[in-house]
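Here are my notes on this model, point by point. Please keep the structure open as you read.

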Amino acid sequence: MKGKTIILGITGGIAAYKGAALCSKLVQAGFDVHVIMTENACQFITPLTLQTLSRNLVYTDTFDERDPAVVSHIDLADRADLILVAPATANTIAKMANGLADDMLSTTLLAATCPIVVAPAMNVHMYSHPAVIRNIQLLAERNVRFIAPETGQLACGYVAKGRLAEPESIVASISDMLREGASKPLLGKKVLITAGGTVERLDPVRYLTNDSSGKMGFALAAIARDYGAEVTLVMGRTSERPPDGVSLVRVESAQDMLKAVLVRYPQSDMVIKSAAVADYRPVMRADKKMKKSGDRLVLELEKTTDILQTLGEQKTKQYLVGFAAETEELDRYAMDKLQRKQCDLIVGNDVSQEGAGFNSDTNIIRIYDKDGIVESLPLLSKLETARRIIALAAERMANREAGKAGR
Ligand code: PMT
């Protein structure tokens with residue numbers, strides 16, 4: 001990232017202290033980092049810390065013009081290859097959404113024409129407040145990219161979503177975004193990703209589903225997008241906000257997902273099936289709410305179509321990546337699924353491990369090809385896990401295409 005200039009905007013939340021680690025990692029990655037701090041950020045961490053780490057002057061005041069040859073906020077906005085606001089408070093996000101410019105950071109943001117990336121950090125109730133959701137949507141529509149906060153211990157005492165994404169993940173994400181067009185490994189490729197859990201209805205108010213939050217699939221979609229792909233995300237039931245910059249198709253049941261995927265399959269170059277799809281659905285679905293009667297109720301279930309297996313059977317040019325969620329004998333079951341469903345790669349997910357699988361922000365996976373284990377990854381954020389999966393799949397797909405072209 002040598003020669004790339006980043007403006008790092010630090011705003012006034014407790015996560016401002018992480019701005020120091022973030023700044024240091026950006027400098028280590030080769031960026032020329034210029035820090036702007038809001039007045040409130042200076043309550044949590046000093047400009048001297050950021051000046052020392054960035055080896056550049058830190059800006060806190062719009063009127064503190066140090067070079068008479070330029071207007072600082074315009075000069076910084078013009079020089080930036082990217083502006084990163086991390087941590088971003090609800091207040092700063094609201095100012096950005098409404099075009100306010102009452103301090104050095106908001107004024108620079110308004111003058112910027114480069115990509116802007118925002119990593120929010122705040123209390124869970126603030127993050128899920130309709131005003132904040134609306135402001136984030138508004139900014140996403142204006143092509144501002146968001147790096148979602150993670151779930152964990154918040155400074156306010158809650159264990160919930162709102163913690164700033166890890167500095168390593170933020171640096172990796174913006175490095176991917178800044179890759180030159182030519183080196184985006186999935187440029188011009190169509191990638192279809194499934195995420196979340198399916199819903200199989202018993203009656204209008206009751207259903208069978210699973211614990212999938214969609215986080216793994218959303219991380220894959222965000223990384224594929226940053227690698228230059230045109231991404232379609234077929235999503236079942238999820239508890240998360242999908243990434244911006246991808247086409248969304250919302251489905252409910254395994255049958256809906258099958259239809260949505262099959263219709264897009266012929267045009268797809270790569271398909272990644274991270275969704276947790278129901279293996280069985282109720283044979284009968286009542287039109288009206290089922291009445292309570294008797295001490296026992298026996299549900300009769302029938303098999304759903306295995307979408308991944310169907311894709312494997314109909315494969316032409318597509319690079320097919322499946323998932324295998326297991327609680328025992330990961331290697332054996334994952335390899336069996338890879339072969340039966342004719343996948344090029346399968347991501348084995350031992351969901352019984354702490355920090356792995358459903359609903360967590362982290363995962364522990366093994367990736368297999370037809371010859372066995374290719375990579376065994378430790379506990380990583382789902383974003384970093386997704387990066388490793390996409391990088392490997394993109395490389396393998398490119399090698400296969402090059403091999404075919406060479407013949
Ligand atoms: O969404 P998160 O909370 O982030 O959790 C992530 C995850 C645990 C859901 C994800 O990492 C994962 O493991 N996804 C696969 C879940 C699953 O359904 O695994 P499976 O072993 O039952 O299925 C094997 C493969 O076949 C999967 O690619 C699945 O999408 C596919 N399948 C299964 C049944 C079916 N009827 N059709 C399918 O396509």
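1. Helix 10 gives the most to the lining of the largest pocket, with six residues. Helices (H or I, at least four residues) and strands (E, at least two) are DSSP runs, numbered from the N terminus. A pocket here is an open set of points on a 1 Å grid over the protein atoms alone, where a 1.4 Å probe fits, with protein on both sides within 12 Å along at least five of seven lines; lining residues have an atom within 4 Å of a point.

2. Before going on, note that this is a predicted model: local features need pLDDT of at least 70, side-chain atom pairs count only at pLDDT 80 or more, and totals for chains, interfaces and linings use all residues. Residues are numbered from 1 along each chain as its sequence is written, and side-chain values use heavy atoms, with hydrogens and water left out.

3. The largest pocket holds about 1000 Å³ of space. Its lining has 40 residues, and Y127, A148, K161, E240 and R241 are the closest to the centre. Elements giving two or more residues to this lining include helix 7 (124-127), strand 6 (150-153) and helix 14 (382-406). Domain 1 (5-182) and domain 2 (190-406) each supply at least three residues; the domain bounds come from an automatic or database assignment.

4. Of its 35 lining residues, A275, A276, V277, F323 and A325 lie nearest the centre. Helix 10, helix 12 (307-313) and strand 16 (319-326) each give two or more residues to this lining. Its residues divide into 14 nonpolar, 13 polar and eight charged.

5. Now the ligand. There are 29 residues around the ligand (a heavy atom within 4 Å). S212, S213, K337, N349 and N359 come nearest. Look at the polar contacts (pairs of N or O atoms within 3.5 Å). A side-chain N or O atom of N349 is 2.6 Å from a ligand oxygen. For L308, a backbone N or O atom lies 2.8 Å from an oxygen atom of the ligand.

6. Two backbone details deserve a check. Most residues other than glycine have a negative phi, and most peptide bonds are trans. A86 and P87 are joined by a cis peptide bond, with omega about -5°. P87 is in strand 3 (residues 82-88). E329 is not a glycine, yet has a positive phi of about 40°. E329 sits in the loop between strand 16 and helix 13 (330-340).

How values were computed
Grid points are joined across faces, edges and corners, and a volume is the space filled by probe spheres set on the points. Ala, Val, Leu, Ile, Met, Phe, Trp, Tyr, Cys and Pro count as nonpolar, Asp, Glu, Lys and Arg as charged, and the others, Gly among them, as polar. A polar contact is a pair of N or O atoms within 3.5 Å; within protein, one must be able to donate a hydrogen and the other to accept it, and residues adjacent in sequence count only if both atoms are side-chain atoms.
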